[in-house]
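These are my notebook entries on one structure, written down in the order in which I looked things up.

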Amino acid sequence: EKDFEIKVAIMETLKEFKDYSSIPYALACFRTGNDTLSMEAESFLDTVSDMQSIDYFESAIKSANLQERNYALKVVKRFPTAKSLKIALIAAEDKDIFIRRDATQVLGQIGDRSAIPVLLKRLGDGEEEIRVEAVKALGQMGDPGIIKYMDKSIFDKSPAVRLEVVKLYIQFGDRENVKLLNKAIGRESDEDVKEQISIERI
């Protein structure tokens, strides 16, 4: 108990200084399981986290501790730039559903085409909302060539996913895939998706 009190006092003191080298110590506090210490650590990290500190969170996104990984992703979400790309790519493969989802969104915001292979993998994710976000993120890459990878997703079991795929066809104005769209509308049962396919075929 005394040890935790000392650590809490240390974290309270560290908040007065913007010292990046203390980030690993603060992250390690999440592993103690002590709520008070974790709150103090997060408060410190909130004050010190900026564009310059991103590299310090790369090890955290690989941690077995969910709170550490969540905080690393929190920083990346605040600063979705090329500097955050490596962490976002790792997070997109995380076992936690919410981390995968949010990382997928961040990859779209960053817009780096090197993320396309990871996003294509997420098209096969077992979670519907992650597949939806993967399609959206691929659209944010601005590369019409991704349409050729949508031949399975256009028939995804989720209407929400199928709808986002059709929106991609509209976004990139692809007219070479009319046969696939004709095939899709023949099998489509969701009215919103049918309407979007009809718009694309006009």
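Entry 1, burial. I call a residue buried under 20% relative accessible area, exposed over 50% and partly exposed in between, with a 1.4 Å probe and protein chains only. By that cut-off Val-106 is buried, because its relative accessibility is 2%. I am working from a predicted model, in which local features need pLDDT of at least 70 and side-chain atom pairs count only at pLDDT 80 or more, while totals for chains, interfaces and linings use all residues. Residues are numbered from 1 along each chain as its sequence is written, and side-chain values use heavy atoms, with hydrogens and water left out.

I located Val-106 in helix α6, residues 97-110, where helices are DSSP runs of H or I with at least four residues, strands are runs of E with at least two, and both are numbered from the N terminus. Taking contact as heavy atoms within 4.5 Å, and leaving aside neighbours within four places in sequence, I found Val-106 in contact with Val-76, Lys-77, Pro-80 and Ala-88. I also noted that the C-alpha atoms of Val-106 and Thr-81 are separated by 8.8 Å, although these residues are 25 apart along the chain.

A nonpolar core is a set of buried Ala, Val, Leu, Ile, Met, Phe, Trp, Tyr and Cys residues joined through side-chain atoms within 4.5 Å. The largest one has 54 residues, and Met-11, Leu-45, Phe-57 and Leu-107 touch the most other members. Helix α9 gives the largest share of this core, six residues. Beyond its neighbours within four places in sequence, Met-11 is in contact with Tyr-25, Ala-26, Cys-29, Leu-37, Glu-40, Ala-41 and Phe-44.

I found Ser-22 in the loop between α1 and α2, and with a relative accessible area of 9% Ser-22 is buried. With the neighbours within four places in sequence set aside, Ser-22 is in contact with Leu-14 and Phe-44.

Rings of Phe, Tyr and Trp (its six-membered ring) pair if their centres lie within 6.5 Å, and planes under 30 degrees apart count as stacked, over 60 as edge-to-face and the rest as tilted. By this rule I count three aromatic pairs. Tyr-20 and Tyr-56 form a tilted pair, 6.0 Å centre to centre with 40° between the planes. Tyr-20 lies in the loop between α1 (2-14) and α2 (23-29) and Tyr-56 in the loop between α3 (35-48) and α4 (66-78), so this pair ties together parts that are 36 residues apart in sequence. Tyr-20 is partly exposed at 22% relative accessibility, and Tyr-56 is partly exposed at 33%.

Phe-30 and Tyr-71 also form a tilted pair, at 6.2 Å centre to centre and 35° between the planes. Phe-30 lies in the loop between α2 and α3 and Tyr-71 in helix α4, so the pair ties together parts that are 41 residues apart in sequence. Phe-30 is buried at 2% relative accessibility, and Tyr-71 is buried at 3%. Ring pairs link Phe-30, Phe-57 and Tyr-71 into a cluster.

The axes of α8 (residues 128-140) and α9 (residues 159-172) come within 9 Å and cross at roughly 5°.

Technical notes: Axes fitted to C-alpha atoms, helices over the stretch in contact; angles between N-to-C directions.
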